[in-house]
Amino acid sequence: MNRISSDKNRQNYQELSLTPLKEDICQWLAKTLEIDISSETFLDVLDNGVYLCRLVKIIQSKAEECVKVGKFKEPLPNYKVRCKENAASGSWFARDNTTNFIQWCREYGIQDDCLFEAEDLVSYKYEKPVIVCLMELARLGYKFDLEPPTLIKMEKEIEKEEKLTEKEVAVKVVERPKSCVNNNKKLDSLDVKVRKVATKCGCLPYVKRIREGVYNIFGRVVFIRLLQGKHLMVRVGGGWDTLEHYLVTHEPQQIFEFRRAGSQDNLLDDAIDKKFLYMRAKYKSDTKST
């Protein structure tokens, strides 16, 4: 199958890569806030900032409990978020609520590159930074014992696996509990899905399975997890990407070999390897992780 190379296809993959993140965040918000929200109503439900303010109040309450029982030793920021509960969508009060939410996040240590502008949400300008911010907020909530989204749980599992030695990993793979015998079916299912996507993107020769959920892709070891039984997610840096988008944006296109012309006056030239490689690739700087 031909490789996907057009800008339009890459843009479509980038937009689709946000879908599983948004779905996971919406499930988390629905459970945490006891509200009705979906990926289709994401901005409509949050645009006045009210539920965002309620969310950080819950996290702040959890943080205060952790301090009280001694689970968290550091002093908490002295910032109480203010909220206009009856703020209308698009109103000044909606902007004020959202600004107060953003300031709370900043006070609690969330970095500016994980925040968004109030207009991104209130005026429906940019959805991605809102998703990135909420994912980072979920990580903060987990720190204070708030039940996290599924992707955060997967992150913690991967962090534990990264700390294991090769010998420990081998033991864990071989000595599975009898109750997990059916994991082979899951493993086969995951690998089949990975191979299917890699074939579609024309990258199958560059995708090598190392062990369950761990692959070597383009020479780099990555962790892959299946979210909600349908989304193949790659752990990248401090966030996640879909496998499709990861393959499209990291695929080396061509590698050329060149030789430098040596100087006849320099006797060391013959001893120097003058070969070098030039790689033309589709790496993009706009693929910030979530």
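# Helix packing and a pocket

Helices α6 and α7 pass each other in a right-handed crossing, a term for the near helix being turned clockwise from the far one by less than a right angle, with anticlockwise giving a left-handed crossing. The model is predicted, so local features need pLDDT of at least 70 and side-chain atom pairs count only at pLDDT 80 or more, whereas totals for chains, interfaces and linings use all residues. Residues are numbered from 1 along each chain as its sequence is written, and side-chain values use heavy atoms, without hydrogens or water.

Helices (H or I, at least four residues) and strands (E, at least two) are DSSP runs numbered from the N terminus.

| Helix pair | Angle | Axis separation |
|---|---|---|
| α3 (residues 50-68) and α6 (residues 128-143) | about 20 degrees | 10 Å apart |
| α4 (residues 92-107) and α6 | roughly 50 degrees | within 12 Å |
| α6 and α7 (residues 150-163) | about 60 degrees | 10 Å apart |

Where α6 packs on α7, M135, A138, R139 and Y142 of α6 meet L151, I152, E155 and K156 of α7, contact being heavy atoms within 4.5 Å. This contact comprises five nonpolar residues, no polar ones and three charged ones. In this classification Ala, Val, Leu, Ile, Met, Phe, Trp, Tyr, Cys and Pro are nonpolar, Asp, Glu, Lys and Arg charged, and the others, Gly among them, polar.

The angle between α3 and α6 makes these helices roughly parallel, the class for angles under 35 degrees; over 145 is roughly antiparallel, 65 to 115 roughly perpendicular and the rest oblique. Their crossing is left-handed. From α3, residues L52, L55, V56 and I59 meet L134, L137 and G141 of α6. Six residues of this contact are nonpolar, one is polar and none is charged.

Helices α4 and α6, by contrast, are oblique to each other. Here too α4 passes α6 in a left-handed crossing. F101, W104 and C105 of α4 make the contact with C133, L134, L137 and L140 of α6. Seven nonpolar residues form this contact, with no polar and no charged ones.

The second largest pocket has a volume of about 330 Å³, which is the space filled by probe spheres set on grid points joined across faces, edges and corners. On a 1 Å grid over the protein atoms alone, a cavity is a set of points where a 1.4 Å probe fits but cannot get out, and a pocket is an open set with protein on both sides within 12 Å along at least five of seven lines; lining residues have an atom within 4 Å of a point. Of its 15 lining residues, V197, K230, H231, L232 and E244 are the closest to the pocket's centre. Two or more lining residues come from each of α1 (7-33), α9 (183-200), β4 (231-236) and α10 (243-250). Helix α1 supplies the largest share of this lining, five residues. By class, the lining of the second largest pocket has five nonpolar, five polar and five charged residues.

How values were computed:
Axes fitted to C-alpha atoms, helices over the stretch in contact; angles between N-to-C directions.
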